[in-house]
Amino acid sequence: MPLLGGVRPPIAALLCALLAVAAFTALGLGTVHEQDVPQALRDAERRIAEDAADSVGTAIDTRAAAVRHAAASDAPAGSRTPAALLRSLLPTGHPAGGGVLLDPHTGRALAASGETVPLTGVDAPALMRSGTAKVAPRLVLSSRGEPRLLLFARVAAPAPGAKQDENNDQTGDQTGDLRADQNDEEHELLLVVSEKLAAPAVYGVGRTGQLVDRNGKVLATAATPGTAPAIRTDHRALPAAATNAANAGLHTGDVSGSLVGDGHDGLRGVTGWASVAAADGKGDTSGLGLTVLTLREVPPAKEGADHTWFALVAAGGLVLIAVLVTLVLWGGMQRALLRLHLSAARLARAASQMPLSNGELTRPVPVVAFGEPGRVGRALESIRCQLLGETEPEPVQPVRRRPGVRALVLVCALVIAAWGMPLLFLLNRVPVAEAVPQATVADQQARTEAAADRVRRSLGRSCTDLAAAASALSGAARERATEVLRRAHADHPTFRSLYVVDRTGAIVLRVGKQPLRTLDHAPTGEGIAQVNTSGPIPAIAAYAQVPATRKPKDAKGAGDAAPAVVVAEIGVNALNSLVARDGLGSVWLTDDRHRVLAASVGFQAFQALPHRGLTRLVARTEAAPGSTGTPASAVLRAGAAPGEGPSVAAAAPLAQKGPIAGLGWRVVSAEPAAALKLAAFQLQARTMLAGLLALSVGIACLGWLHIVVVRPLRAVTRCAEQLAGGDRRTVLYPVHHDECGSVTRSLELLRQALVDRDRGGGSAYVATVPAPSFQRGGPPQQ
């Protein structure tokens, strides 16, 4: 009967697994090379470009939505002429460069304001007939060759009947009528607003940001302090290559990337690029073809040591260990078990055929001098002599505990651990402060500043739009006020609820969800307030004063009507999404007492930062009383989570000016150093992985060997010694089809032969033994 399993498969699996780990060590460690510009810097520049592109895209979407919202609002009284209507749509202080109202049928300008709006290529009748509710913005050039962004909106004009403002001299229309042939009816006009393109917001010393079109023309440029006035002439090819990559990305689906230029004066230029268009191809920026480029010059990293020699030495050592362990296990276990299997089978055949095979019984059993195989061999030799009548059974003497096959397996495990443990815990360790370049720390700070700016712009936009809603509420009836609040709530997903409070703080009108906590009193002016300092959910509210309406002079009690304040409660989920950013790690928004208000990871309201290192870093951003402080960054020994390891952290004040600055909020980020694509951390991670793999396969294969060979062999040893000592009543039942099972079966045959001899049985006796069973449990009872 062929043997199944046994001692050979674990030993062969151990050899193959260790050789595979050695191959991984040679290839995995040998291919790690230091780069003059680490991949971590390239990825950081790409993400900084993404942040800047997101800022530009959000600004364009916000302005386009604001123009459409103004056009959709009810025209105020006295705006029946085109000029008056245009003035109501473009109030004083509007950031627009110019605006114009076009006749939807002829495309003729009915009124204009501000700078001349470049209308080259604008077909008003075709745009009005397109049937789309939203007309996408366009990018054009002014008469001076400057880029301008055109924003469009449909305007529901009131019925005509009044002449155009005599002071308006910017349009060639002398009639001033909207359309005299459509009396007493509303009709649509096309509002076109021209705006300058704002430069992308970039952070970090020595960084330049550019906004370019699909042809590579620079539309706007921004530079941080410490940056040269212009990009070096020899580096002009780098932005051009990034622009080409961005245009190619429109077809491949890549929306961002990074490039590295040639060295110059000991510096290397790194350019990040990102498309302003939304990833889903929708939105107002999708058809503009704008791309943001960021450029920074960094010193090349020092050339590190080549790790090929270390990889080859480590892999060669593991190969030697694998061969040595295999030879030891082959000689100490596999070869000895096979000898026992053959010897026991020979004695069993001879015992079942006595006296015809006495020649086989005269051959002594070869006995090895090591462990359990030696003890089984000596027991078989004693049984052979008993079958021949040369000796009698001797009581089993207590065996002195000596090293056996279990100790052999343990020694092999220790040899493998001697190779794997240093790789797992000691070798290729570099101090984090030396492994992380200062440029990477600066990039973490720049991205944290960008996250703080993103939160600031969102909160500032909430204050601005809430102030516009407050103006619309002035003097409005309850039904009209409710509609204004509903529209503002629908336009701002960040608003959890909107409500109006009177001078006593009582809510007189509300839309949306029930407020978590209302303001204790009606504040004055406008701004952002942190309503609570404890509780399960932070309550943050934007507020704006509703302009008071004056009573008619002839009315009793003439004077201002009772003041009111409109409050918008900002949802925490909206703040969580604002601070979350790929590649920035864990990000928290903290209050003036360094307690968490929002985060990109799970948190409890008003909890402290994960560890003191982050708290000390936030304290460094504070400055003299009355100032908002400056950003700070550092390499910390602890990460955002327990046991995470060192991290690169940064903190930045939320705002430098305005009502938000008085809150004292901070944005804090921490990225695990191991997540950075730096050669030192890659080498450390692969070294640890190689050691872990060696330990894992060694424990797995040697554990397998212990289960299927060592434990059964120790049981067979006890049974053989008991049988040799005169125990004839214990039935030996084989369980497995392997070497130990074969020896057990042969011992059972020998036991039956000894029993037959003791009873005086004949030579024709043929012993039988039950077939082996693979089920758990002991032998059947006789």
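Visitor: Which residues does Leu-747 touch, leaving out those up to four places away in sequence?
Guide: This is a predicted model, where local features need pLDDT of at least 70, side-chain atom pairs count only at pLDDT 80 or more, and totals for chains, interfaces and linings use all residues. Residues are numbered from 1 along each chain as its sequence is written, and side-chain values use heavy atoms, without hydrogens or water. Counting contacts (heavy atoms within 4.5 Å), Leu-747 touches Leu-380, Ile-383, Val-716, Ala-720, Leu-723 and Leu-732.

Visitor: Why is helix 3 called largely enclosed, and how many of its eight residues are buried?
Guide: Buried means under 20% relative accessible area with a 1.4 Å probe, counting protein chains only; exposed means over 50%, and partly exposed lies in between. Pro-82, Ala-83, Ala-84, Leu-85, Leu-86 and Leu-89 are buried, and their cover includes helix 2 (39-72) and strand 1 (98-102), strands being DSSP E runs of at least two residues. Helix 3 (residues 82-89) is largely enclosed by the rest of the structure because the number buried is six.

Visitor: Is Leu-327 buried or exposed?
Guide: Leu-327 is found in helix 6. With a relative accessible area of 52%, Leu-327 is exposed.

Terms used. Helices (H or I, at least four residues) and strands (E, at least two) are DSSP runs, numbered from the N terminus.
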